[in-house]
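The following briefing covers selected local features of a structure, grouped by topic. Please read it alongside the sequence and the coordinates.

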Amino acid sequence: MPEIPAIAENYSETEQARRRETERLGTDSIMPLVLRLSLPAMVGLLVSSLYAFVDRIFIGNFVGELGLAAMNAAIPFMTLIFAFSILIGRGCSVIYSLALGRHDYEEAGKIFMQGMFLHLAVSLVLMTVGLSFLPQILTLFGAPEMALGHAVRYMSVALFGTPFAMMLMQNHLIRAEGASAYAMVTQVVGALLNVFLDWVLMAGFDMGMRGAAIATVVSQAVSVSMVLWYFTRRSVIQIHLSNLLPTVAVVKRVLFNGATPFLFHFVATLTWSIQNHMIQAHAVQSGHQVAAGMAVFGITLSLFQLIMTPVLGLSMGMQPLIGYNIAASRFHRVRKIFMVSTGLALMLVMIPYLLIEVFTGEVISLFGSQGASLALGIYTLRRYVILMPLGCTTALFAHYFQGTGQAGKALLISFVRQVLFALPLMIFLPRFWGYNGIIFAFPIAEFFGMLFGVAIMSVELGKLKRLEREELAALEDTIQSC
């Protein structure tokens, strides 16, 4: 096992303490370490998901069904923006973790600065194009005519927050340093502020869709300011403006390692757009109103994201651990980290899943749904999430391969689930099964994607066992030579 380089004498006492904290990723007991990094990520994601969840509750109660339908029409656009933000943010996070594992703090500083430049550049392009062609883009993404005005009012404000939404992804680099608690705080503050501003602007000032958008933009701006404060005051890296302009080498690695989550969310944009068009085409045929169908799927998707929080939090907590220990050649720890994370994920996902299944009606009614819309919401939600406890493990597999620098395998898992299964099923099942085809396309795709992921992960675990034996043999040789 390689030695950990000594901390340079010219570092300050504070810097040494920070670096020793980061180096604990390769030495501490695995279960407490996984929980220490994952629980703050879970809490942070939970409160972060309240951005969409609370917005929809307020919109459902103060704007109504058309407002919820408009939010569902805006989901593909917001997901596309998130796809680009996570392409850069997650790509930076992977190579940032690997740099920390090698104790190359100068390289880590370059990665942070170049990531900031990429976030700003891409966000300005997306914001400019979005504002220039907003009605056309929303129509392309499946906004029905009766809800287009509401969708335009929301996105015309929300797009100004694109730079904040993208730079917030630098939060992943804070987790990579092991400071998950602070990363969580940045998300908690933003989410709580969003709830407060939603109440003030929508309930107090009756600002409708624009009020919801303003609340989100201001909250994201505050969270980003907290992220930037961390890197200027507490991070193990040093910030130099000379590192701001991106280099080809770093950009290629960022794009390569961020390609998997980007593909996942880009294809999700396509899937949700097709889903919106399919609702317009098949909801009426199945005896439902288009606006009701759009509103119900908007609620269902926001709840689905909420239920996925434990698994995604575990994945985010696991990834820097995996990356650090792979770089340090501690393969026995890598396998244990993955197995512990998988067991925790399967247990934790069952809690929100069962709560949703038991209290479906009460949850749907939070959004102001009544009568036929409430019944449709209960029917849709229970069936949409039916196979989620099995399919959610695929996210863990993808994060593992991202953390180990095997972005190609993570990309393959996402490709099979989203492109090979989800897209074709969303297009063809409704033609034969109507509204039910729209509901069941996703869980069926999740199930078959999970089977493929298990097959790929089984091979990887076999490789880790072989590397463990080599690691143990090298350690024994070192002991004998001493």
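Asp206 is exposed in this predicted model, with a relative accessible area of 62%; exposed means over 50%, buried under 20%, and partly exposed in between, with a 1.4 Å probe and protein chains only. The model is a prediction in which local features need pLDDT of at least 70 and side-chain atom pairs count only at pLDDT 80 or more, while totals for chains, interfaces and linings use all residues. Residues are numbered from 1 along each chain as its sequence is written, and side-chain values use heavy atoms, leaving out hydrogens and water.

**Positive phi in loops**

- Asp206 is located in the loop between helix H9 (180–204) and helix H10 (208–233); helices (H or I, at least four residues) and strands (E, at least two) are DSSP runs, numbered from the N terminus.
- Although Asp206 is not a glycine, its phi is positive, near 55 degrees.
- His103 is another non-glycine residue with a positive phi, of about 65 degrees.
- The loop holding His103 runs between helix H3 (65–101) and helix H4 (105–132).
- With a relative accessibility of 17%, His103 counts as buried.

**Helices H9 and H3**

- The 25 residues of H9 should span 36 Å at 1.5 Å a residue, and the end C-alpha atoms are 35 Å apart, which agrees; the expected span is 1.5 Å times one less than the number of residues.
- For H3, 37 residues at 1.5 Å each should span 54 Å, and the distance of 50 Å between its end C-alpha atoms agrees.
- H3 bends by about 35 degrees at Ala74, and Pro76 follows within four residues; the bend is the angle between axes fitted to the seven residues ending at a residue and the seven starting there.
- H3 is mostly covered, with 32 of its 37 residues buried.

**Surroundings of His119**

- His119 belongs to helix H4 and counts as buried, at 0% relative accessibility.
- A polar atom of the His119 side chain lies 3.2 Å from the backbone oxygen of Met166.
- The side chains of His119 and Gln170 are joined by a polar contact of 3.4 Å; such a contact is a pair of N or O atoms within 3.5 Å, where within protein one must be able to donate a hydrogen and the other to accept it, and residues adjacent in sequence count only if both atoms are side-chain atoms.
- Leaving aside residues up to four places away in sequence, His119 touches Ser85, Ile88, Gly89, Met166, Met167, Met169 and Gln170, contact meaning heavy atoms within 4.5 Å.

- The whole structure contains four cavities of 30 Å³ or more; on a 1 Å grid over the protein atoms alone, a cavity is a set of points where a 1.4 Å probe fits but cannot get out, a pocket is an open set with protein on both sides within 12 Å along at least five of seven lines, and lining residues have an atom within 4 Å of a point.
- The second largest cavity has a volume of about 50 Å³, where volume is the space filled by probe spheres set on grid points joined across faces, edges and corners.
- Arg90, Ser93, His172, Arg175, Met316, Gln319 and Pro320 line the second largest cavity, and helix H13 (309–327) gives the most, with three residues.
- The largest pocket has a volume of about 260 Å³, and its lining includes Met42, Leu306, Pro310 and Leu348.
- Helix H14 (331–358) provides the largest share of the lining of the largest pocket, five residues.
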